[in-house]
Each structure stands twice: as C-alpha cells, then as structure tokens.
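Keep the sequence beside you.

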Amino acid sequence: MGEGGAAVEAVTRILGWQAPPPDPRDLAELWARELDRYGVSRAALIASVPGDESSVAAAVTRFPERFHGYFMVNPLAPDALPRAEGALTAGLRGICLFPAMQRYSIAGPRGERILQAGSARTGTVIFVHCGVLTVGVRRKLGLASPFDMRYSNPMDLHPVAVSHLNLRFVIPHFGAGYLREALMLCDLCPNVCLDTSSTNSWVRYQAPELDLKTVFRRALDVAGPSRLLFGTDSSFFPRGWNAPVFVTQQQILMDLQLGKQDAEAILGANLERLLRQ
C-alpha cells in the first residue's frame, strides 16, 4: 500500500468510515444501490471540496438517470472561473458556494463572475451555505476550522438574488441558525429556495419553543411548498442514506396535514423543476 492509501486507511479508521473505492464510478454504483434500498429515485451529489468536480461528473456520467451533479468552487482561487465553466460544460448543475469557509462576501466581484458563468447555463442552481458551518470530519481529526461567520448571513445574498432573477438560489438547512433572515430573503426574492437537509440541530440556538415542526410551518407560510427542497446531507458509508432525516421530516409534513401534491413537490419535484428551468 502506498503512502496515500495508508493515509486514507488511517483517516477512515479514525472516522469510522468505509473507505471509498478509488474509482468514483464504483462509488456512484454503491450510492445507486443504496438509493434503491430506500426507494429513492434520484439524488444530488456534491463535490465537497474545490477541485473534485471530476469525481461527481464521472458519477453523473455513469448514472445520468439517478444523479444530479453539484460542485464546490472557491471564487478566490485563481482558476475558479475556468473550473466552474468546465464543470458546467461537463453537465454538472449546481454551483456550491461557502462564503464563511473561504472568507469572502457573496456580493463581491469574485463571486459575481461565478454567478455570470451560472447564468449562461439554463437549469443551473446556486447553492449558498449560510449560518453555522461545522465540518464534523475536521472536528474528529482535531483540525481547526478557521471560518468567518461575518460572511454567513443569508441577507448578504439579497442584492445578488435581486440582480440575478434568472438564477435560482438554494440556502441549505433553513439558513442554519438564521431562520428569520432566510425567511426575510425568501419573502423578498422569489428566486430563493430553502433546503431542509441535515438534522437541523441549529434549532438549539433559537427560542425554546422553536422545534423543527415550527420551522417547517414558518417556512411554508413564507416560501410556500414550491420553494422547499428536501435533503438529508448523507455523506459516507456505512451509514449511507440518512434515513432518519427522511422519517422525521415526512412525519412533520404529515402532522402539518400537507397535501399529497405539495409533499411530493418538497420531496423531489421541486428540485427536478428547478434544474429544468
């Protein structure tokens, strides 16, 4: 085993993860089988580090009927624009921006050129992480996470969304602690959607009476069912697809007595519609 393989084995042992196969097409096959187990017809895959868009592109090429491809880009990197354009040309559909992680303003000129690249491709969504940002892998490995929360407010996206009405923006985890601001943004900008992914543990920062069901109710009141996108934040094996997130959120939709058509929209149809526009 080479040094790289030994390092991967050591890291996955610490994390309790199953090491991914070297070929991303084989990893895509594992995820396709996992989705089959749960009756999930389609999912979005995200390249979670800048520069890894080729892995997701390979997975999408292997299973075009199962996966949408997203990729992370750091607008401050010198090769950010050609990388973004290359990923979009390869068929990836979502540009993922993490302003707090990479320490830049979403409304700055570097971000603007990436948005322009997205505007040139019909059906591109701009995924912007706002709010609390923790990377569990880094924490388990004892690595620092020098993120800058000054760049994490969803309202920073307001001038950007207003000036790019042809783009569709997605804020994950209901704003991850900035629920009020995320809802304000949705109310002001009809091209902004919220995704419901993760356990949404950020609710512990809110008033005691705020639980996930209340979060859903408020989001439905402001954004409506057509702008909520279900997600799980599934990321590794052996856990695989994070079914408890689905079970919890499906029960919430039932408790809120949401109609079948609206529930189906949140659980999949909304994303399909966004990526066709």
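Predicted model: local features only at pLDDT ≥ 70, side-chain atom pairs only at ≥ 80, totals over all residues.

Residues are numbered from 1 along each chain as its sequence is written, and side-chain values use heavy atoms, with hydrogens and water left out.

Start with the largest nonpolar core, which holds 65 residues. A nonpolar core is a set of buried Ala, Val, Leu, Ile, Met, Phe, Trp, Tyr and Cys residues joined through side-chain atoms within 4.5 Å. Buried means under 20% relative accessible area, exposed over 50%, and partly exposed in between (1.4 Å probe, protein chains only). F67, F71, L97, F169, F174 and L194 touch the most other members. Helix 10 (residues 212-223) gives this core its largest share, 6 residues. Helices (H or I, at least four residues) and strands (E, at least two) are DSSP runs, numbered from the N terminus. A second, separate core has 14 residues, including M72, F98, L133 and L274.

Now look at L194. Beyond its neighbours within four places in sequence, L194 contacts I171, F174, A182, L183, C186, A219, R227, L228 and L229. Contact means heavy atoms within 4.5 Å.

Helix 9 (residues 179-188) pairs with helix 10. Their axes come within 9 Å and cross at roughly 20 degrees. Axes are lines fitted to C-alpha atoms, for helices over the stretch in contact, and angles run from 0 to 180 degrees between N-to-C directions. Helix 9 and helix 10 are therefore roughly parallel (angles under 35 degrees). L179, L183, C186 and D187 of helix 9 meet V215, R218, A219, V222 and A223 of helix 10.

Turn to helix 6 (residues 109-119). Here G111, I114, L115, A117 and G118 are buried. Seen down the helix axis, these buried residues fall within an arc of 155 degrees, so they line one face of helix 6. The arc is that of the directions from the helix axis to the C-beta atoms. Their cover includes helix 4 (80-89), strand 3 (94-97), strand 4 (125-128), helix 8 (158-163) and strand 5 (168-171).

How do helix 4 and helix 6 meet, and at what angle do their axes cross? The axes come within 10 Å and cross at roughly 20 degrees. That makes helix 4 roughly parallel to helix 6. A80, L81, A84, E85 and L88 of helix 4 meet R113, I114, A117 and G118 of helix 6.

Finish at A263, in helix 12 (residues 260-276). A263 is buried, with a relative accessible area of 15%.

How values were computed. Parallel < 35°, antiparallel > 145°, perpendicular 65-115°, else oblique.
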